[in-house]
Amino acid sequence: MAPDSLPDPIRVAIDIVAKFERLDIPYLAVGSLASSLHGAPRSTDDIDFVVSLDPVLAQRLVAALSPEYYVSEAAAREAAAAPRGGTFNAIHLPTAVKVDLFVAGDDRFDAERLRRRGRVRLSADHAAELFVDTAEYTVLRKLEWYRRGGEVSERQWSDVVAVLRAQGARLDRSAMDQWAQRLGISDLLQRVRLEVG
């Protein structure tokens, strides 16, 4: 486990990433952790990962997580077997931190995210590193979740605004535009760009 001075979710992320890497499971941190690293830090009670798993690897991961985590082997195997990927979670029992695992399946966007992921150091004070979604794809996925949630989540929207402000001209606008069109969120991307200026 990571040093006690780190917040519980970060310590759990470091622990579970070590298990992914030991089992040679391709992964990337997404969601609030990714947007915090690319934009403005904010607290989160859970950690999200995209993983590439088949049912056999899912079974090995469940075994590696036991007994420190509660995870349903049936849910993990079902998510890993779903053609478009599924979702399951693991609860770190000592801290109650929830880890959501999104299995990539044959989703082309998730495959691209895994291909373009970057290794990021979590803090200047600690040497821990992990693979994280790009800033561009973090924005796009958060805009997708914003749309799926009825376009009312101020948290998702403010995360996107923070990433755009922090990353500015470093963002690959062309890649973002192409994927936004495929994902059906071009209008949201244009709207948030206008807000950021």
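**Rings, charges and a buried lysine**

Arg148 sits over the face of Trp145, 4.8 Å from the ring centre. That label applies if NZ of Lys or CZ of Arg is within 6 Å of the ring centre and within 35 degrees of the ring normal. Arg182 does likewise over Trp179, at 4.4 Å from the ring centre.

A quick word on the model: it is predicted, so local features need pLDDT of at least 70 and side-chain atom pairs count only at pLDDT 80 or more, while totals for chains, interfaces and linings use all residues. Residues are numbered from 1 along each chain as its sequence is written, and side-chain values use heavy atoms, leaving out hydrogens and water.

Now for rings that meet rings. Rings of Phe, Tyr and Trp (its six-membered ring) pair if their centres lie within 6.5 Å; planes under 30 degrees apart are stacked, over 60 edge-to-face, and the rest tilted. That gives 8 aromatic pairs. In one of them, Phe20 and Phe49 have ring centres 5.2 Å apart and planes at 85°, so the pair is edge-to-face. Phe20 is in helix H1 and Phe49 in strand E2, 29 residues apart (helices, H or I, are DSSP runs of at least four residues, and strands, E, of at least two, numbered from the N terminus). Phe20 is buried at 0% relative accessible area (buried is under 20%, exposed over 50%, partly exposed in between, with a 1.4 Å probe and protein chains only). Tyr27 and Phe131 are also an edge-to-face pair, 5.7 Å centre to centre with 65° between the planes. Phe20, Tyr27, Phe49 and Phe131 form one aromatic cluster.

Finally, look at Lys142 in helix H6. Lys142 is buried, at 6%, and its contacts (heavy atoms within 4.5 Å) beyond four places in sequence include Asp159 and Arg42.
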